[in-house]
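Biologist: Could you take me through this chain slowly, and tell me what stands behind each term that you use?

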Amino acid sequence: MAIIFPPPSSGLEAVVVGGLRPAFPIEDGRIRPDRGSLWFEPLAAAADVIARAARATARLETSEKDLDFIGTAFAVSPTLAAVTAHTARLMLQKGPETAYRLNFSFDGSQADKAIGVKVRLIHPYFDFALLETDRPVGEDSILSFSAKIPDVKERIALVGYPAYDPRNDADTLAAVFGNVLGTKRLMPGTVVDGAAMSTSAGTEVPALIHDASCISGTSGAPVIQLATGHVVGIHYAGLFLQQNFAVPAWELARDPFMLLSDLRFVGAEVDPYWLPLWKEKLTILHADVEAFGAAKLNVPDIPPRKKQSQLLTTDEIIELHALLVRAGFGPDIELRTLFAGLPVELRAELPDGSPATVRLLNCLQDLNQRTELLEYENHTSLYIVISSAKAVKLALKGDLQKFLALLEAKEKALTQAQGLTSIATPPSASFRYIANVIGKIGGKPIEFHGWSNDELKSRIGKIQITFPSPVEGLQMLRGLAVGNNMRPFTIQETNDKFVLRVEEDPS
């Protein structure tokens, strides 16, 4: 089943430095640069790195007769391959009647050895997606991601399948790629900016900028760090003779969906928000234990967590996020207006993220797992946040009411499953009225000792509380009463009644 998130924008691949950034044919995992080329020595030193990257990279071919292939992909686990989101979305648009396969050969000639694929996941912001293969690839054909930002001017190389591209200058293309296209090429270059921003689907996202020569067909090509062989980016777009953009691998390393998708990250930094996931999912991730081992992370033992409930489905959270972003939360409206209604300590626990729209998604996902009801509010944190959005953007009232209704139903189901009881009172509710309601829930009357009639008639007002037992409900009422300047009291439960005794009562 495909997991589809809001679409990023597809881009235009580009040649940036022309003749200084060649494109070498790769045959049998090898390239043959001229000894006079400035790339001869660095590429010769990275021969093993290039060979592995070449084995891991494939043409993404289709069963359509008039379309040989639609991009580049590379293996990131035994059964997963990375590709751009705009390519994966094209696969879904064409429907189930079109089949797709990964052909790892130099020119697509070995179709009988190709591996069938289908869309597994499309990322919500980055132009990145995962394909699931119908059979595993070899361990020596899998690439790992780097969780470190590369240095500016660091040498990198892309492996991909350049195709005819009428959008770029014909003479420049011929000089770089020659007359044979659709074959596996190595395209060396350097990192121009390791932590830049680029616009995708109208939203600014982090990006790696490089100057390797890329044209149509190279979308999805791995950006390989020549010194290590690790993937530092996934090429997706470019501006002719200006710069090329890649999805930064280090940002994917911070994404829980990616961490749980069997990808391999090397050199990840400890992030308190993801800490339990690294500890619990280490073997599932097939991570490099030498680089990632729990001992080297200096992570304390974390007890096994119970499977967390979720208030809304993943699709509903993504829909909610898209709605809030379109309304301006993140880009134009500060996120603190959404979270102002949450307790300070809860706000401090919310995850970070950059840009703000990414942080918004991170926070929504975090709040979606917080099923406890906030005291006095008697709603979940996510409900409070959506209510705040509704108050800030009145135009969203109708759209957000759907999510509030879903949460109210979920909250009710959770309280029932946990043996909880929820009550709401009118604005005119008195102390005696509320106490009697709670006593009735417990099946026992309330006796009041030491109270004056005026005290019992004191108006507590409109409240909504949830409690696991009548005694705890009365304890919550005691807190409300003291907050209304009433005298403190003790609570006693007998076989047939509840006794509320004012502490100064001598009897």
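Modeller: What follows is a short exchange in which values are set against definitions.

Modeller: This is a predicted model, in which local features need pLDDT of at least 70 and side-chain atom pairs count only at pLDDT 80 or more, while totals for chains, interfaces and linings use all residues. Residues are numbered from 1 along each chain as its sequence is written, and side-chain values use heavy atoms, with hydrogens and water left out.

Biologist: Why is the aromatic pair of Phe-431 and Phe-489 called edge-to-face?

Modeller: Rings of Phe, Tyr and Trp (its six-membered ring) pair if their centres lie within 6.5 Å, and planes under 30 degrees apart count as stacked, over 60 as edge-to-face and the rest as tilted. The centres of Phe-431 and Phe-489 are 5.6 Å apart with 75° between the planes, so the pair is edge-to-face.

Biologist: What makes Phe-431 count as buried?

Modeller: Buried means under 20% relative accessible area, exposed over 50% and partly exposed in between (1.4 Å probe, protein chains only). Phe-431 has a relative accessible area of 0%, and therefore it is buried; Phe-489, with 1%, is buried as well. Of the 507 residues of the chain, 53% count as buried.

Biologist: How do you know that residues 24 or more positions apart are in contact?

Modeller: Contact means heavy atoms within 4.5 Å, and residues 24 or more positions apart account for 69% of the contacts in the chain with a separation of 6 or more.
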